Amino acid sequence: MSKNGTVFVCSSCGNEFSKWQGQCFGCGEWNSLKEVKRLLKKKKGDRIRVAKTEVVELSKVKKSNNCSKRISSKIGEFDNVLGKGIVPGSVVLFAGEPGIGKSTLLTQLVGKIGGLYVGGEESAEQIRIRVDRLGLKAEKFEVLPTNRVEEVVDELESRALNLEKKMPGVVVVDSIQVMNAADVVSGAGSVSQIRECTFRLVEAAKRLGVTVFVVGHVTKGGDIAGPKLLEHMVDVVLYFEGEKNGDFRILRAVKNRFGSTDEVGIFKMTDKGLLEVRGEELNFVEEGESKIGSALTVVLEGGRAMMVEIQALVTESFSPVPKRIFSGIPYARGQLLTAVAQKVLSIPLYKYDVYLSVAGGLKIQDTGADLAVIAALWSSYKNRSYSDKAVFVGEVSLLGGVRKVRGLEKREKESKILGRSLLKINKVGEIRNS
Ligand code: TYD
Ligand code: MG
């Protein structure tokens, strides 16, 4: 830390530096360091006094049964992602792009199990309108329309002392970007505010045994101090993902102190809020569309197999730098696969614009879809379609080889259920013959 009590914190990974620099050494991100003021009242010569913490023998530590006693959220998909329900006293960071449906899902959660909705972003009236629209009972909600973190902590503290007013089942803080603490100098949404407010909420949750959901907005560019910074402070980190104009959303756990991070929850956005998508409905193929530029695949997300359609549009480019627009697959992956297609299938993609998307607005991370991406590019370039029974599954290597993917049997089974079968392709070059 520098003399005047400031540090520079990376808004992407949370690493701290004493001086400003263009690139974060921790994660390699450029221009992500933000100045954070520390409120230090220490004078030269002050001795820091610290309460003594005793060493404990682990075998003598009493287990509270909090971790085993879970509360159901009464939303099956939500419970799965959390690992069989909510752990009392835990703090969950609920992150996602603006407009993706964070407030909607958490409103539905409170509507099911009851709780306190702390709305710094919306007025009580706006929350009431949403609650009614979603067909939830307003009686389940208490609303605290504030963006001052002290008020939230005070409220919870007074509940802990006052037996007449019950502790809320869950507290939803929507969102952390608008909360602020009076004694932190910088404005709401800054790194120092976000960190301090989260810290106070975590502290209160642990001390008072109340479960807190903290909403955090992430932007694609990551220019707003984001939830990445908070991941180490909370127990569970959930990301709510999807293409905003598509219907489907995936809820993923990227960190879970009380369970695995392999599960995902799948939802569909409707005019009545988010509906759970279960079992055999995991078919995201757009029927009845032209099949030129389309290739089917089965992805595995959180142990669940889903039939997904990859769509590609390859058109001659009239700009010196051809366009690459990908939605639903990570940009770097899309670029890599475009390069493999260019090299191995000899498609002159350097003079073509490439648009890639995943039908249904799903965001996928499974590399098992690689082969389908290349197959879709080939289909669009060649203006030909595949049999509607053909399914492409395989991870593609830089050299154009096809690697086996995990969960092959599950994927095979899902294809069979939907009357299709996986193509046997060992090298990307073989796509020409399929
Ligand atoms: P919201 O939950 O406000 O997003 P976030 O809190 O992540 O910013 O949801 C925003 C979008 O969801 C909005 O564009 C409208 C849509 N929506 C529905 O389609 N159906 C609904 O029942 C609700 C409440 C919202
Ligand atoms: Mg919102």
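Okay, a definition to start: angles under 35 degrees count as roughly parallel, over 145 as roughly antiparallel, 65 to 115 as roughly perpendicular and the rest as oblique. Helices here are DSSP runs of H or I with at least four residues, strands are runs of E with at least two, and both are numbered from the N terminus. Axes are lines fitted to C-alpha atoms, for helices over the stretch in contact, and angles run from 0 to 180 degrees between N-to-C directions.

Housekeeping next. This is a predicted model, where local features need pLDDT of at least 70 and side-chain atom pairs count only at pLDDT 80 or more, while totals for chains, interfaces and linings use all residues. Residues are numbered from 1 along each chain as its sequence is written, chains are lettered from A and ligands numbered from 1 in the order in which they are written, and side-chain values use heavy atoms, with hydrogens and water left out.

So, domains. The assignment, which is an automatic or database one, gives domain 1 as 6-37, domain 2 as 70-277 and domain 3 as 294-433. Between domain 1 and domain 3, the C-alpha centres are 37 Å apart.

Let's take the sheets. Two strands pair if DSSP finds at least two bridges between them. There's an open sheet of 9 strands with mixed pairing, in the order E6-E5-E7-E8-E4-E9-E10-E11-E12. Strand E6 (141-144) and strand E12 (273-276) sit at the edges with a single partner strand each, so one side of each has no neighbour in the sheet. From one strand to the next, the twist averages 25°.

Inside that sheet, strand E9 (residues 236-241) and strand E10 (residues 248-256) run antiparallel and are joined by 6 bridges. Val-236 has Asn-256 in E10 as its bridge partner. Further along, strand E11 (residues 264-270) pairs with E12 over 4 bridges, also in the antiparallel sense. A hairpin takes the chain from E11 to E12 through 2 residues, and Thr-270 stands opposite Gly-273 in E12.

Then there's an open sheet of 3 strands, order E2-E1-E3, with antiparallel pairing. Its edge strands are E2 (16-17) and E3 (33-37), each pairing on one side only. Strand E1 (residues 6-10) and E3 pair over 5 bridges, and the partner of Thr-6 in E3 is Lys-37.

Which helix lies across E1, E2 and E3? That's H5, running at about 60° to E3. Helix H5 (residues 191-208) also lies across strand E4 (91-96), strand E7 (170-174) and strand E8 (211-217), at about 145° to E4. Contact in all of this means heavy atoms within 4.5 Å.

On to helix packing. Two packed helices are described by the angle between their axes and the distance between the axes. For helix H4 (residues 149-161) and H5, the axes come within 10 Å and cross at roughly 5°. H4 and H5 are therefore roughly parallel to each other. On the H4 side the contact includes Val-149, Val-152, Val-153 and Leu-156, and on the H5 side Cys-197, Leu-201 and Leu-208 are among the residues. By class, that contact has 9 nonpolar, no polar and 4 charged residues. The classes: Ala, Val, Leu, Ile, Met, Phe, Trp, Tyr, Cys and Pro are nonpolar, Asp, Glu, Lys and Arg are charged, and the others, Gly among them, are polar.

Another pair is helix H6 (residues 331-344) with helix H7 (residues 370-382): an angle of about 55°, axes 10 Å apart. That makes H6 oblique to H7. The residues in contact include Leu-337 and Val-340 of H6, plus Val-373 and Leu-377 of H7. They divide into 6 nonpolar, 1 polar and 2 charged.

Most residues other than glycine have a negative phi, and most peptide bonds are trans. Lys-74, though, has a positive phi, near 60°, and lies in the loop between E3 and helix H1 (76-82). The peptide bond from Asp-174 to Ser-175 is cis, with omega near 0°. Where does Ser-175 lie? In the loop between E7 and H5.
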